[in-house]
Each structure stands twice: as C-alpha cells, then as structure tokens.
Amino acid sequence: MSNRARFRCDEVSEQRRLPAAPSLQPQESPPRAAPPRTEPPIDIYTSTDIPQPSIRPLNVYAFDPSLGNFVGNQMVTQVAYEPLSLGPVGERFAVVDYDGGQRTFYKPVDLDDPRLLMSGGLPPSEADPRFHQQMVYAVASETLQRFEYALGRRVRWRTRLGDGKPRAPKGASRRLNLFPHAMCEANAFYSPEAHGILFGYFRASRSNPGRNLPGQTVFTCLSHDIIVHETTHAIVDGIREYFMEPTNVDVAAFHEAFADLSALFLHFSHKEVLVDTLQKTGGRLFDFKLKSETDVASGSAPVIQSQIGAENPLIALATQFGEAAGRQCSLRSALTTPPTPQGAKELATKTEPHERGSILVAAMFDAYFTTYSRRTFDLFRIFRAGGGNLDKSDLPAPLANRLAIEASRTAEEFFTLCARALDYCPPVDITFGDFLRALLTAHLDYTPDDPDHIRDALMQAFRLRGIVVEGAMSFSEDALFWPKISNGRLRVPGLVFGDPNGLTKEEKDRNGDVLRTYAAENADLLGFDRRTGEIAAPSFHPMFHTGKNGKLYVTMVVELVQTMRIPFGHGIPGTFPMRNGVTLLIAQDPPEHDELPEPRVRFVIPKLYKPEREERIRNFYIASGMATEVRAQAGADDDSRFRLNFALLHAGV
Amino acid sequence: MAKVRSKVQSRVRSKAPRAGHATKRAPQRGNGSPKRKPSAAADDTPSQSRALVKAASGLRVRMYRVGFGDFFLLSVPSKAGASHILIDCGVHARDLGSMRDAVTEMAKDCNNHLSLVIMTHRHADHISGFGSCSDIFAQIAVDRVWMPWFENPSDKKAAAFQTSLAAMAAHLGQQFRARLAAQLDGATQEMLAMAENITGGLGAAGVSANEKALKVLREGFKTQPAHDYYKAGDVAKLPPDLEAAGLTAQILGPPIDDALIVQMINKNQQYLSGAVEDQDSSEPVKPFPDAFRATDEAYGSEAFALYGPDQIIRMIEGAQPDALAAQAVAADKTLNNQSLVILFSFGGKNLLFAGDAQWGNWENFLYGGAYGTPGHTKLTQKAADILSKIDFYKVGHHGSANATPRDAVMAMRIGCVGMCSTQEHAYNQVPREPLLDALRKRMNDQLARSDQIAVSDDEQANPDAGTLPSAFTAPTHKLFIDYNF
C-alpha cells in the first residue's frame, strides 16, 4: 500500500483542528463562515467544503546532505496532514529549536505558510535551520505513522520517569519534543528526562573529513537514518517501560538493532530510493540472482549471506547506511559474516551494543533478502524466457521497477512484523531469543498462511547466527511459538476494550483495577510468587485489526510486572530492582447468543522469577559497574542508574 | 617455560589452608636457604611447603608512594644478585610531588640497570614519571621494554587509533577547562582529570606530557632497548638474565580486538571527527548566520504548551555535559582496557599485574568471551586455575570498582597478598571500600595501600587507610612499601 493511499483513511475531521490553525488557511474560512440564512432548501448531498487533505508532502533528504549529488537523495515524504503551528508543532511532535551551544533560539518554520504548502515545504538546504526543523518533523512523523499503522493503535510517549520523580506534564504522552540543534556535539540521543530527542551538530575534521567537506558543519538532524533511529528509541521506550533496564547483554543491543532495523526497512520501503540503485547496478544484482536461484528456490536454508558479495546494491545500501549513521560500522562486517558455525561465534564474543546489535540486524536482513529472492525469482525467469540478456549490466527500467516494488513491499512487511513483535515480547529482560519467538508468534498470529516461508527464513537466519532460545524444546516452529493458552482457560471478566479510537479516563481506571485484581487473584496461575511483591499493570493497550478473512479482531496487550528489591550482597551496599513479568494478549470475542463472552487470554508470555535470573542480573549489574555507580546527589537506591543512557550509548567513542 | 609452570601447578592440591597465619609469616621466613627444587614443592601454601618459600626467596615487589598512580619495581634474584623489572611509573591526579625522590631511589636501588621496563598502558598515572624524570632515566640502562600492542608503531590502525584518542582527549580537556573557568564543580573536575590522564596535559612546547613520556620509553634510556608489543596469548620474551633466573611471564591481556579498532577509526571519520577538530580555534562552531537567531517569542503558544521556554533551555543545557562526560568516560575506559595483564611466575610464586584493565579486558580473560552469552557465564577453567594459584595481586585501577570483577576476587586464592596504589579524593569512590574489603577477606587482611606510609617527613600516611599489614615492610618508613617473598 502506498503512503498516499494509507493516509487517506485517517482524514482529520473539522472539529479536531487546533484553534490556531484556521487563521493560517484563509482559503478555507469563507464556506464555513456564513451560509445565507434566507435560503431554505438544504442540500445534504453536495458539499462546498474544500476537501481536507490527507497528506502533507515535505521535502527531505533520503540519506543525508553529504550524498548531495546522489540521485534519489532528495525525496518527498508524505506525512499525514495536520494543521501545524510555528515550530512546526503538531499533535505528536513539537520541534523547538533551541541551540544549547550558542544559547539561542532559531526562527521556527511555518509549514502552513501558503507558499510552503505549495512547494512541499522548504527545499533541502544545510544552511537554513528551518529546513532542518521541517526534516526532523517529517521523518519523525513518518516513522511514528508507520509504527502506529503496524501496531493498530496510538503510541504514547513515556511520561513516568521513575518512582519518586515528578511525572512529565499532562499531555506529554501525546507530544514529544524534537531539538534539532540541541548541542555542539557529535551525538544524537533520545532522553526521557528532556522528553525528547536531542540532535547535535559538529564540525567535520579538517584533516580527515570522511565524506564531508573539511571543516564543514555536520548536522545529525539531517541524517534520515539518525532521525528514524532515535524516534524508534522513543517509541520503544513508550511502549515498553522496562526495556530501558539493561538486565542482560542483549538489552542495549536489542535497542540498537531494533532502531537500526526500523531505519533500514523504512529506507527500503521507499521505492524511489531503490529503483535508482537497482537500475544502476542491475547487472550485478542479476548475477547474484543467477547464482543463488536454485538454492533459494528449493526453500532450503537461506544461505544468502554467503552468496551475496558487497556488490549487491541492497547490501551496499545497507552498509552505506551504516556509514552514514556513523556508529553502525559494524553492520558491514555483520552482514558479510557468513552464517556458519564460525560466524555464530560472533554472538559469544561481541558485547558492545552496536556490534552485538548488528548480529540481530544481519539475521533479520538475511530473512528479508531470502524472502525478496523468493518473491522475485519468477520475474527473472520471465525476463530470461523472453530473451533477456543476462550479461548486460543494465537492468531494463520496467524490471527494475518491478523489483523495487517487491523489495519495498517486503521491507514494509518486515517493518510491520518487527513492530508487531514488540507486543509479543515479555515485559522485562528481553533477549534476542525472546525477540525471535515474538517475531514468529506475531507472524503466525497475523498471517497464519505463509506462502513465502518467511517464518522459516527467520528461524534459519537466527539459528545460523547462533541466536538460541532459552527454554525452547527445539529449534522448530512449533517449539518456538509462544504457547497458546488453551481456549477459554483464562478469562478476565470486566475488562473493557472501548472505542477503537482510544479509552476514556474511566475506562482506563477501570481496566487498571480489573487487571491488578486479576493479577493478584491469579498470581499462582500466571507464575508469580504473590508474597514477594505487588503486581502492577504498567500498560494495557487495546488494538483492533482486520484479519485476512475480513473479521475484526479486538485484542489487548497487557503488561503485568512485579518488582522485588534485592540486595546486592557481597559487600556492596544498596539493592537492585528485580522485575518479573508477563505479557498478556487478551482477545474480546464477538457476542454469542447476544451476549458478549468474557475476554479470553490468548497468550501469557512470561519472564518470571528464577534464582538463576536473579543471579544473572545481579552479576550483570555488578559487572557493568551499575551496582556501584552512584551519580551525584542521587541516593544509593535511585533506579535511574539501572536505565540505559542513550547519550552514553551513542557518544562518539 | 610453560612446562615449568604446569609442572608446578599440576601438583597443587586444593585443600584450603589456614592462610592468615601462614602469609603473615611467609615473608619473614623467606631468607633461609633453599632445600628443595621448586618443582618438587607440591603445595603452594607457605605453611605447608617451606621449600617453595625458599625457592622464591629474594623476590621482592616494591610499591612507591607517589599519589594516584602506579610505580612498581619487581626485583628477581639472579646471578648478578638481582635483576629488576619496572612496572609503570606515573602519577596524575593527586600528585604528591614525590615522583623525583622515588625515581632517584629506584635508580639507586637498581644500580642504574633495569632488565625490563613494562608500560601497562599510556595513561599519565602510569607513565608520567618517564617524562618528568627523563634525565634520570637517561642514565639508566634498559634491556627490554614491553608495551601493549596498541603502541606498536608498525600497526597503522592501532597508531591511528591512539592518535585520534589523544586528540579527542585534548579537545575534551579544553572544553572541560572552559567549563571550569565559568563554574567550578566537582563533576567537571573529575572529567577533566579523566581527559587529561589520556594526554597528560599540555606541556610548554605544546607537546603533551604523555607524548614526552612515551618518547622516553621509546628512545630515552641510556641504552636502546628492544621493544615488544604484546596482546593476550603472546609468548613473552624475557631478557636473558631474568630467563636464566627462572622467571616466566604469561600475557593475559589486552585481548586483540581488531574489529573494535577498525570500528573506532571508521567512526572517527564520521563521528569522532567533531570532537577531534580545531584545537587551535577555541571559538565554538557557529552553525547559522545571526539572521536566523530568534527568541522564544518567535514561537506560538502551542510550542510551549507542555514545557515552558525556561524549562526547555534548562533541559537542553542540562543535557550538554552528559554528552561530553560520556566521551570522557568512554575514552578513559578504552585506554584502561589496553592494559597489559601479566602473570609472572617465579619459584612457584605467581604474581598478577593487571594494570588498570577494566571489564572488556577482564571479560576475555575470565570468561573467554562475552559474559552472559551461552557458554560464557562461568570462569574458564584456565582463568580459575590461574586465579586459584596467585600469590600476589596488584589491585587494578587504584582500587576502583570497575577494575576488579567480583568473580575474579572470588576466584583468587585465599591467602594471597595484594598491593594497591591509591590516593583518596582523586575520583569519587576510588578506592572503593567494599571492593577492598572483599579483597582483604580473600587476602586475610594482607592488602597494602600505598597511602599507608608517609611520603616524606612532611606528608604523613593517610590515617583512614589503616596500618600497614604485617606481611609488608617499609624499610625507610616512607616512600615505598616492600613485599618480600
């Protein structure tokens, strides 16, 4: 589905516009202003209102300015239309351009200015901060829309900053800050404390500038990938409160990998970017197809990584991305490491979050390429059967176009799959293995039939990289799906799913009570030890989606988390929070005999207390220095030290 | 030499001795004449095998008190009487001004001849003495110099990395200094110390102090020594006199991590570059012409509906040091992890010098890979073997918590002894008391701190550090502490 078509369905209604907006759109006010009272006949079939636009086109860089003359680097992104005030400030994002290095605000862009509305905003420019504001807004909005489309619900931003800390102001769950020039620093990071994303700028080296001009100012807010990456961090943090606690070696790596995946798949879903690359290097892609065709067609293990050289344009794109983002240089090595037993050793030796994360990225990409190959196999055969020349280095434009369509469709599918998998992850202490199980279960749940064997591709790609699943009987589909709760065995009476557009305050309060009571009463059944602590329900999100059979499915994702305070022991003062939790997926089935059945628990995805887990987390905290690191003026039991600090994770070194 | 070691080790029984009693006596009895060969000594617990003690007799570790920095002299009995190994010579934060006295003392002690000089890593608190006392070192003959592989000048990647790291640190130092000039605060001071530990601070001629020290290590001794650049697993080449004396050495760290280096250099092209550039121009980068400047009034009310302009300014400005500090911490850690980790064995005694190795370096040694990944949750047999047999441990990183993993402490032989060069109030929580307590428990209280003795007649011992444990001696009651095997 193209963006254009997708956003048509969520047109903004007249009532929901912000009060500031009408004055900015003079052409729309006359029809509403004063219909002459004297004319009685009311025509309900004709409207003279100007149709509400569903999208707002905005110019952005497809990569970053350093690829200036690269064809396809400038593109137009389609953002859902909303009235914007100066900033731009919309419903979900507020771009506030305060420069901490220069201690000044910059002039905000007015994207509702008629001149800019006509031209898709300002043209790409490094010299104008207002274009930077526009690009940050556009790319972050697009990312958020993709996530919300995939998840089938609104994403809310984190508002809780920890026990005993003031919550973010009311309304903060809807709107996130974007600071395009926050600091003079080669860094960009999501900061829950600032309730936003801080982008830095810096001067490129004079002696060793890389792709940039020597001594030029480089803006992180102009890198498409960095914006998506950071926005994804914010989204994940909003969805899963406790994923920020690095309780094992995979957690930080998972954050990085997930953000990279979303940036990469978002890239690949832009057909415009792909066509150009495919066309230019078509011959080589074609070569690769020829070589791998038999293997892949047989549906056997994906051996993609060993088959594709760096020449493959898609790989080239992926690694180029890594370089542009500056901190994902290990991506290249991960993508080109053959998935052999030797390659699988990487997982045991890489702990640096980006390096480790790139293994997960490589696994996902392996599956992606495999699926893409399976889907385009026929096109190449048709091409050859029609007398297409295999030795020519150029691909005919229509074929390149078709290939690009397949590649971008597959990328969108994978993006959606990744996003949905979040809901199938346990609420705490995530590992790569958990993510694989979540991916497979989510895929099975949404698309039970799997003609292109995506699940198989995923499973093999993970297996070949040595990503194992704790507690699974075997590495087969059946063993890796989260087990389903037998039909109707667990029911949560009283849970309300509300309107697809969101819950009211009362409904939320009611659900919170229902879930806490439910958890307390069924603690044993769910696997909690009730004596060790209260069970909280940090989040519950109803979701609505239409299945392939046309039925409407109504479900709710619920996190139940229990926090135990455990002393470090071993002569180390203080305690650490040990969290146990389950994710519940609860379905509301349609009425039977005119009566709504009680909501039914479909999945219980657990991460429960085990002495080994306690020991592992304790050791990890001690080993990584978090046990002793006492930040200035913070108490010894301040839990913020157990949270990932993206400023540190992304810093230049 | 591995053969000798394994012979000794294979005979060791695991029976735990009541070692508190034993270690106390061991050094005092160490001067008797050897009766048995070292390999015949089955048990390495002193009380049960006097012979072994004898075999190592004459072996001595001397720790000089210079402040927050490492300065160790290991003396090995040899044909010529004694051969000497210098392990680091530096001080940084909390310099007590005693470096010159200590180096003079050391030169006298070794009769202007060092068989081996080891630089564990290039932090100022491990090498500054070479620079500041270059005239004394110019009088000392040195046979061999060991450095971590990062210092190998023929390794282009490593050299580029070290250069960019130093340049970045210099730039960070400047920024922290500027910040301190505006407002004095402890956190920034600590960051500054971290950054300048990498460069040593800028000297008069614009050459950083560390560069000067490194130059001495490369070519500033009386004789031109051979240089070795080691990584974990390398076979160490000892000078002939030490080898003849029966000393062996095993290199346990730093791990070779080519990928990391490549990655960091790649980053350098894109990312570090920002911090590296422009040491000459101190004016901040000005991204846009003044015409684009505005005040918060340029925005509508909607922009500040959640957070007021003052709040936004506060949040952003609050976030600034974070990023800089992150770089400083990361750079500090990177350099500490370059530390050479060496296990010396002599006459059945094992001495572990870990430099300032932090987690990444230890991890490789202890777990053989990334901790927590499958197959890497327990100590490797090799690490457990080594740690269960050590007799002496140079406490890493001046007793900071990030430099001696708990698993390592728990695996150390009960009754080994330790030395920790430290000085309080250089960094927050260094030395870290709970760690020292854990070590003391392991060592039956035989853990010496450099601040347990006086520097000179003016500067006395740190009363909070306690008294020097009985296993150690301070022959002159100041400046240095000895441990005699």
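User: Hi! Which residues does B:Ala124 touch, leaving out those up to four places away in sequence?

Analyst: B:Ala124 touches B:Gly90, B:His92, B:Glu196, B:Asn197, B:Gly200, B:Ala209 and B:Asn210. Touching, or being in contact, means that the C-beta atoms of two residues, placed from the backbone, lie within 7 Å. This is a predicted model, where local features need pLDDT of at least 70, side-chain atom pairs count only at pLDDT 80 or more, and totals for chains, interfaces and linings use all residues. Residues are numbered from 1 along each chain as its sequence is written, while chains are lettered from A and ligands numbered from 1 in the order in which they are written.

User: Thanks! How far apart are the C-alpha atoms of B:Ala124 and B:His92?

Analyst: They are separated by 5.7 Å, with the two residues 32 apart along the chain.

User: And is B:Ala124 buried or exposed?

Analyst: Buried, because 26 other C-beta atoms lie within 10 Å. The cut-offs are 20 or more other C-beta atoms within 10 Å for buried, 12 or fewer for exposed, and partly exposed in between, with C-beta atoms placed from the backbone.

User: Where does B:Ala124 sit in chain B?

Analyst: In helix α5, residues 124–132. Helices (H or I, at least four residues) and strands (E, at least two) are DSSP runs, numbered from the N terminus. Chain B has 16 helices and 14 strands, and 55% of its 485 residues are buried.

User: What about chain A, how many helices and strands there?

Analyst: Chain A has 22 helices and 13 strands. Of its 653 residues, 51% count as buried.

User: Switching topic: at what angle do α16 and α17 of chain A cross?

Analyst: Helix α16 (residues 432–446) and helix α17 (residues 454–464) cross at roughly 175°, and their axes come within 10 Å. Axes are lines fitted to C-alpha atoms, for helices over the stretch in contact, and angles run from 0 to 180 degrees between N-to-C directions. That makes α16(A) roughly antiparallel to α17(A); angles over 145 degrees count that way, those under 35 as roughly parallel, 65 to 115 as roughly perpendicular and the rest as oblique.

User: Which residues make that contact?

Analyst: Among them are A:Leu436 and A:His443 of α16(A), and A:Arg455 and A:Phe462 of α17(A).

User: One more: what is the strand order in the open sheet of 3 strands?

Analyst: The order is β4(A)-β5(A)-β8(B), with antiparallel pairing. Strands pair if DSSP finds at least two bridges between them, and 2 bridges join β5 (residues 104–106) of chain A to β8(B). In β8(B), B:Arg293 is the bridge partner of A:Tyr106.
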